[in-house]
Structures are given as structure tokens and as C-alpha cells.
Amino acid sequence: MGLLQQRCTGHLLCALTLLEAAGNLALMLYALLWEAGNLVNLPDKRIGFYNFCLWNETARELQCLEYKHLQVMGISPPGVVLSRVCVYTCLVFSIFYPIFVAHVMCAVKREGWKAILIILIIKMIILSGGLGTFLFQTSHWIHPSDFTGGFLALVGTQALLLFQILTATMYLSWAKYTHPCQSPFTEGPIEI
């Protein structure tokens, strides 16, 4: 019974990792492709990684500002570009991540799961850094009640990344105690 329970626990953690990766990818695709990177998409305001549009009372329409106008308003174009690169790099990682997870699951090596944990932490850092940089730059024009689906999807992505880090850590802990005589540097057992 114990062997079956250990095997099921390992498979459950692997399946959970793949489900979390699929959810992460779906949220990132929604936020950055379907919503076009817009964190605020209201009738009087559209602010995102590629748009900065505010309502113009005289023209009675949304007016999208160019980079030279953003500089006058105190928004750093290099800061916006850096945040865009960070967030969209996380999307690229999310696209290829399930393939890497499937490969590691087939090989069943602890070193692969350590690499998964490192990739997840890197994704968390660059997504947090990109989103934080963008929000810091545009905080004067965005109120918390203005956020729409794109922002909520990115926050959901952050939460799923935390769950993925927790799952990978649990898998490493599980693998350590199910194979206690295995050396971390070799594939075989330690000779006693």
C-alpha cells in the first residue's frame, strides 16, 4: 500500500504541475494577446503596455499619446519598454515551459525538477518586475477601481506561479524522502 501511495503522490504532483502550467499559459495569453496588454480598458481610459489613451473632452474621444507626450507627463519610455520586455518574456517562457515539464516528467530526475523550480522563480521575478515597473510609471493615471481583465489575469498568473513554486518544492521534498539513498550528484544510489 505504501508503494502505491508513493507512486500516486508523485503522479499527482506531476499532473498538478501540468495543470498549473496550462492555467498559467491561458491567463498570460488572455492578458497579453486577447486584451492586447491593456491593464485598464474603460470607455474613458485605455492604459496598457502598448497603449496610453486618455479621454479628450474637447474632441469627445479617446486620444492616444505618443512617447514624446509620455515623457512630458513624467513617464519614462525606457521604463515602459523594459516592463513590456519583462512581461512578454514571461509569456515566451510560459509557452515553452510545459514542453520542458513533460520532458522532465519522462526522465524523472531531481535535477530536472530543480531546473523547473529555478525557471519558475525567474518567471515570477521578471513578471513582478515588469508589472511593478509599469504600475510605478503609470500610477498617477490609474486608480485601483480602473483595472480590468488584463490586470486581473496577470495577478492570477502571479498566484499560479506561486502555486507552481510550491508544487515543485513539494515534489523535490517528496522525491528526497522517497529516494533517501540517492546521491544528488549521481543517478545511482550511494555505495555504503
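## Basis

Two residues are in contact when heavy atoms lie within 4.5 Å. The model is predicted: local features need pLDDT of at least 70 and side-chain atom pairs count only at pLDDT 80 or more, while totals for chains, interfaces and linings use all residues. Residues are numbered from 1 along each chain as its sequence is written, and side-chain values use heavy atoms, with hydrogens and water left out.

## Asn38

Asn38 belongs to strand β1 (residues 38-42); strands are DSSP runs of E of at least two residues, helices are runs of H or I of at least four, and both are numbered from the N terminus. Beyond neighbours within four places in sequence, Asn38 contacts Ala31, Arg46, Ile47, Gly48, Asn51, Thr148, Gly150 and Phe151.

Asn38 has a relative accessibility of 4% and so counts as buried (under 20% relative accessible area; exposed is over 50%, partly exposed in between; 1.4 Å probe, protein chains only). The Asn38 side chain makes a polar contact with the side chain of Asn51 at 3.0 Å.

## Nonpolar patch

Leu29, Leu33, Val92, Ile95, Phe96 and Ile99 make a nonpolar surface patch of about 570 Å². Helices α1 (2-34) and α3 (77-107) each give two or more residues to this patch, and α3 gives the most, with 4 residues. Ile95 is in α3 and is partly exposed, at 37% relative accessible area.

## Whole chain

The protein chain has 5 helices and 4 strands, in the order α-β-β-β-β-α-α-α-α from the N terminus. Of its 192 residues, 39% are buried.

Note on methods. Patches are made of residues with over 30% relative accessible area and no salt bridge: like charges are joined within 9 Å, nonpolar side chains (Val, Leu, Ile, Met, Phe, Trp, Tyr) within 5 Å. Accessible areas come from the Shrake-Rupley method with a 1.4 Å probe; for residues, only the protein chains shown count as cover. A salt bridge is a side-chain nitrogen of Lys or Arg within 4 Å of a carboxyl oxygen of Asp or Glu. A polar contact is a pair of N or O atoms within 3.5 Å; within protein, one must be able to donate a hydrogen and the other to accept it, and residues adjacent in sequence count only if both atoms are side-chain atoms.
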